[in-house]
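Hi,

Here is the structure I promised to pass on. Have a look at it first, and then read my notes below.

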Amino acid sequence: MRPEILNPLFAETRSLEGVGPKLAKPLERLGLARVKDVAYHLPERFVSRRAIADLDEGAEGEQVVVALTPTEHRAARSQRGPYRVLAQDAAGNICAITYFGRASYAAKKLLPVGERRWVAGRLDRYGDMLQIVHPDHVEGGGEGDGGDGGGAHLGRLNEPVYRLSEGLTQPRVAALVDQALARLPDLPEWIEPGQLERAGWPAWREALRLAHRNGDAAARDRLAYDELLANSLALLLVKADSRRRKGQALVGDGRLRAKLSLPFEMTGAQKRSIAEIEGDMAQEAPMLRLLQGDVGAGKTVVALAAMLIAVEAGRQAALLAPTEILARQHHETLRRMAASTGVEVALLTGRAKGREREGLLMGLLDGSIDIVVGTHSLFQDSVAYRDLGLVVIDEQHRFGVAQRLALAAKGRRAPHTLAMTATPIPRSLTLANYGEMDVSRLDELPPGRQAIDTRVVAQERMEDVVAGVARHLAGGQQAYWVCPMVRENDSDDIAAAEARFAALRERFGDAVVMVHGQLAPEIKDANMHRFASGAAKLLVATTVIEVGVDVPAATLMVIEQAERFGLAQLHQLRGRVGRGSEKSVCLLLRGNELSETGKKRLALMRETQDGFRIAEEDLELRGGGELLGTRQSGEAAFHLADLDQVQRLLPAAHADARLLIDRDGGLTSARGEAARILLYLFERDWGVQLLRGG
């Protein structure tokens, strides 16, 4: 149960003054549903503005405060266009104050014609005219206040700039932050005193105030350390609980594995990983192991071997997948591979209804189903197992630890857990993401895999690319075409799958199908089936095909606006081809505006197919991004700690957490009680629940 002292922080943002239903919606879009979220909504940057007497004193790109008198309002011809207010400074220079979207509705009230206003924002140029787009502040000012009165106080130093969503302004967010900070309770210290003193960090409440006031580096580090400490402590509590709980030693006799008829020789890495898993499962302490393998490294075979060990020992196994497409793919693959063993492999997803669902639930309860593959349905309350001995979780990063624990609780005794990820995680981040797990790495690809010919092509050559796809399809082969999003965005030019699908269908007819996450499941499945069976030749998709889709006949991948994807995503998408014996090609279509970092990243994709190398170099080029979990679904790894802080502070946070567990495993001491508050504060309370009496 959450400590009472935290209740003010977990109150809804509607409890803040001025927040009603209208304001609550844009706050929720930013993830600011509670007072705590507002307090931790740290500034993205700080700006210093210079008060200028007239526009001639300002430089393009400079943050300024200037007195302007509106002379004319110009509405756009379409709703998507800009709303411009022409305004004049003291010297007669003209500037456009420009708004987009709903923000334009406020312009008439904020900037009445003929009334002088102080405008604060970035001075830029549009064509021949100076402009300030979406000013940060607009305040009234008298005629006789000169260049240093009225709103000139807006030229103060270090004003925080917060991430916004439509319907919010900087002053409004800053006012809400002030209210949230005023509600901060005085919490006991959870950081080891020696670490606190060595680092010179402020107390928690003061650190939050400083982080909003001037971005104090020590304060930001302290807050990041809190998050890393909470994460490390929770993961170590999972590991300690696993060792403490009585599980079931599962020793297989090999009879089912001996019946497997594989069309390939397993790699040394696969054999090594199976041996590590077999050794773990033979122990009473429940296994917690991560199987990390690059695209095409053969994780599924290793997982099947682990599940067969459980079945040989008289238990059941469950494989949890993040999407229905991936669950169905796994079910078909496992059913085909295990056909010679006589093992019953079933599929359970949210679409199973009526008698079909009843039959599946009965089969799990009476033990006639040996292996079940499914989505979140596997850990619903209505699903019970005769004796669940092994849980396999694919694409572990897409699930939170709390979800994994919910599935593990389905066993009569604690089942063994094997997590899998096809996203190569740099070694420096493995501790942050999987600190409670032992790791097996599949660092070899099966023999016979051909390198994928990867090329970078300018977007202007679209006609040539489409002609190349036409030749490819005419040769009897299949292809993928991936776009960054589903449909056009009013304010962006990101390629949309629906628009591309319409254009390609006009060229290739019924040979083209489309898959994205917003399609109805039955339509998505039907389209995937048409493509997998070869009835359709070209699949237009979003990143929904990033994992799990296995169509060996597809030997061409086109990724539109490739610079908009992370390297890890590009690597995963490219891995959808090159799965058969035919030579495969991946075309990375790039836009015109490509940064130096973007060029290096696409060059790296051309140069190598080693996912682990890509992950390490991506870390150097771009930073943590989705490798830290912040762009994945499921539980985000860190909201406060950036990559630099993870690498600098995580070793100390992990060591501090280990010291606390070793000295006070039940967290009953004064610092232990403070650490419990920390776990609840960062919503790692699943770690607290594992404690006896927690």
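Let me start with a sheet. Strand β3 (residues 63-74) and strand β4 (residues 83-88) are antiparallel partners, with five bridges between them. (Helices, H or I with at least four residues, and strands, E with at least two, are DSSP runs numbered from the N terminus; two strands pair if DSSP finds at least two bridges between them.) P70 has A87 in β4 as its bridge partner. β3 also pairs with strand β6 (residues 117-122), again in the antiparallel sense, over six bridges, and there V64 faces G121. With strand β2 (residues 50-52), β3 pairs in the parallel sense over three bridges, and R50 stands opposite V64.

Before going further, some ground rules. This is a predicted model, in which local features need pLDDT of at least 70 and side-chain atom pairs count only at pLDDT 80 or more, while totals for chains, interfaces and linings use all residues. Residues are numbered from 1 along each chain as its sequence is written, and side-chain values use heavy atoms, with hydrogens and water left out.

Strand β19 (residues 478-482) runs parallel to β21 and is joined to it by four bridges, with W481 opposite V540. Strand β20 (residues 512-515) pairs with β21 in the parallel sense too, over four bridges, and V515 stands opposite A541. Which residues of β21 point one way, and which the other? L538 and V540 go one way and L539 and A541 the other, and all are buried (under 20% relative accessible area with a 1.4 Å probe, protein chains only; exposed means over 50%, and partly exposed is in between). In a regular strand the side chains alternate between the two faces of the sheet.

Now a helix, α20 (residues 596-607). Buried in α20 are G598, R601, L602, L604 and M605. Seen down the axis, they fall within an arc of 150 degrees, so they line one face of the helix (the arc is that of the directions from the helix axis to the C-beta atoms). The face turned away from that buried side carries exposed E596, K600 and E607.

On to the rings. There are four aromatic pairs (Phe, Tyr or six-membered Trp rings with centres within 6.5 Å; planes under 30 degrees apart are stacked, over 60 edge-to-face, the rest tilted). One of them is Y40 with F682, which is tilted, at 5.6 Å centre to centre and 50 degrees between the planes. These two residues are 642 apart in the chain: Y40 is in the loop between α3 (35-39) and β1 (45-47), and F682 in the loop between α23 (670-681) and α24 (685-689). Both Y40 and F682 are buried.

R2 has its charged end 3.9 Å from the ring centre of F10, and R84 lies over the face of Y126 at 4.5 Å.

Finally, how many disulfides are there? The search of the whole structure finds zero (a disulfide needs two cysteine sulfur atoms within 2.5 Å). For C483, the closest cysteine sulfur is in C586, 13 Å away, which is too far for a bond. C483 counts as buried, at 0% relative accessibility, and C586 is buried at 0% too.

Cheers

Terms used. A charge sits over a ring if NZ of Lys or CZ of Arg is within 6 Å of the ring centre and within 35 degrees of the ring normal.
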